[in-house]
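Colleague: I have a few questions about this model. Could you take me through them?

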Amino acid sequence: MNTLNSMETVIIDVWDETPDIKSFLVNDVIGVLPNPGQFYELRIFGRGEIPISYGNYYDGKLLFSIKNVGYVTSYFHRLRSGDKVGIRGPYGNGWEIHDGRTVLIGGGIGLPPLSSYIERMIKMNRKDIHLLYGARTPGDIVYKEKLKKWKDLFRVDVTVDRGDETWDGNVGVVTTIFNRIEWKDARFYIIGPEVMMKFAVKELLKMGIDEGKIYLSMERKMKCGYGICGHCNIGRFYVCRDGPVFRYDLIKDIPESFH
Amino acid sequence: MIYFLNEKNLPDYINNLLKKYRVYGTKRIGNDVIFDYLDNGNEFYDGRSILSPKNMIIPSWKNLNEHDNEKETIIFGIRSCDLLGFQIMESVLKLDIEYNMKRSLMHFANFICSEPCIYGFCTTFGGPKLNDSGAQFLRYRDGYIVEIRDNVFQSNLMTNASEEMVKYLEGYNEHFSELMAPLNTEDIEKKMSWNDDLWNELAKKCISCGACNYSCPTCFCFDINEGENERIMEWDSCIMEGFTRMAGGANSRPDLSSRLRQRFMHKLSYHYLTYGIHLCSGCGRCYETCPVKIDIRDVIRRYNP
């Protein structure tokens, strides 16, 4: 819905994912099936609005995972179930559901937007996905239950930048587990901090992956969500409207796409 | 259809419009020409306003929690550069439900300048006579030649235009171009360079005040900020550091040169690459209001001397 007026919805449940990430389950009052990777503008009345990708959509409920990084998100972390929030969306293009295999590469809070894709694939009984996920420390891993469930269905590789005594998996940034990628002909869906995406692309290109097979979900200040407020303009694109998912070869020549 | 309206009849003509519509027109306060709601036809002043009436669709400040009653409105006396501004912004804003509602209730009576202004370069972008407006008024002897495309502007105060008047109107842009030579914008969208030292040079002068954005009839960027009982929509400026700053502090344009580059490349390159139209109407207000006199015409000339 291309309007600045949000609808009111209720938080059904809240829980901690990590020390600085909380998940919120809210009623979908909009009634539009979102595309995986799309986002909503969530609002705390009297505080402000933030663009957040949804993590899952089922049974008329939307899952959002929010990291406490700024003014509005800090107020989100004070909310409890039963509290009211504003919502409008879904916005952006999202990840395209395609016929072939998909390698998903996520960093930190980038997993929820991939989760919406994974959950849709599971619904379609498809297992031709491979997830590589990196977090700073074992304590920063989100969706631990989901990851366990997913491991039984398709290949999941998780790595952490810094391990601890509980961690027996790989230690190192996400590119250190790229040697586990077996599908060179797959599509690569990447989301995470910009520096992580930058190095991930660099590594994939070194491995001989075609530029046109790499897709990135970009992050910019997105106030309106549908391409009229101007904040997220990069080159000839508005990230909220034409993205947030961009095929790499279409944005690689826009010097500002990575900063 | 093309008509003639004697200037003696202009106040009554506006009074007739006021019987049915709100008229937001140009009037004079001291030496300034501003847009305001007119109470009667005598208040109207045929002149170039300090600011474009773009606040009718992108309010400089508006509480979104308060809903106003939208009424059919005539924008009366808008100059061609500002009208072109509305048409250019529409390419982006038409995605918005509220914009379309507001726009469908607006009619434009465009007054074409009878002589070039000091800073303008509207001939560069197809002005000053445009081919899309409800009504276009062109000064002629003791009145105006009026070309009407929207029936709300029909009036029995007008007489049919003579052949001579029609000819004058049709040849007007050619005549005007002799007085105001158009700049060459050919292929500028491809020629503009990201790494041009120009952006650093401009950054040494610019004081980041944002006047260029606020005075621009095509700058549509706005911000939304929320307080306890208000949700404010207001003009934003890509020259300000906070424009692209995200939660957590990441900023894709932290330095002034990158923000100046964004402003000029959005205007002369990016927007054109998507919509086939430059995000500039040649009004010259950015140069007029700029305290350090950064001239967009110099940017165009740099790539097309």
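Colleague: Which residue forms a salt bridge with B:Asp223?

Modeller: This is a predicted model, in which local features need pLDDT of at least 70, side-chain atom pairs count only at pLDDT 80 or more, and totals for chains, interfaces and linings use all residues. Residues are numbered from 1 along each chain as its sequence is written, and side-chain values use heavy atoms, without hydrogens and water. A salt bridge is a side-chain nitrogen of Lys or Arg within 4 Å of a carboxyl oxygen of Asp or Glu. Here the closest N and O atoms are 2.8 Å apart, and the partner of B:Asp223 is A:Lys223.

Colleague: How many salt bridges does the rule find across the interface of chain B and chain A?

Modeller: Contact (heavy atoms within 4.5 Å) joins 39 residues of chain B to 33 residues of chain A. Across this interface, the number of salt bridges found is five.

Colleague: Which three residues supply 19% of the area that chain B buries against chain A?

Modeller: Buried area is the accessible area (1.4 Å probe) that two parts lose on being put together, summed over both. The two chains bury about 3,100 Å² between them, with 51% of it on carbon and sulfur atoms. On the chain B side, the share of 19%, more than any other three residues supply, comes from B:Leu95, B:Phe222 and B:Glu226.

Colleague: Is A:Met7 buried, partly exposed or exposed?

Modeller: A:Met7 is found in strand β1 (residues 7-18) of chain A, strands being DSSP runs of E with at least two residues, numbered from the N terminus. Buried means under 20% relative accessible area and exposed over 50%. With 33%, A:Met7 is therefore partly exposed.

Definitions and conventions: Chains are lettered from A and ligands numbered from 1 in the order in which they are written. Helices (H or I, at least four residues) and strands (E, at least two) are DSSP runs, numbered from the N terminus. Buried means under 20% relative accessible area, exposed over 50%, partly exposed in between (1.4 Å probe, protein chains only).
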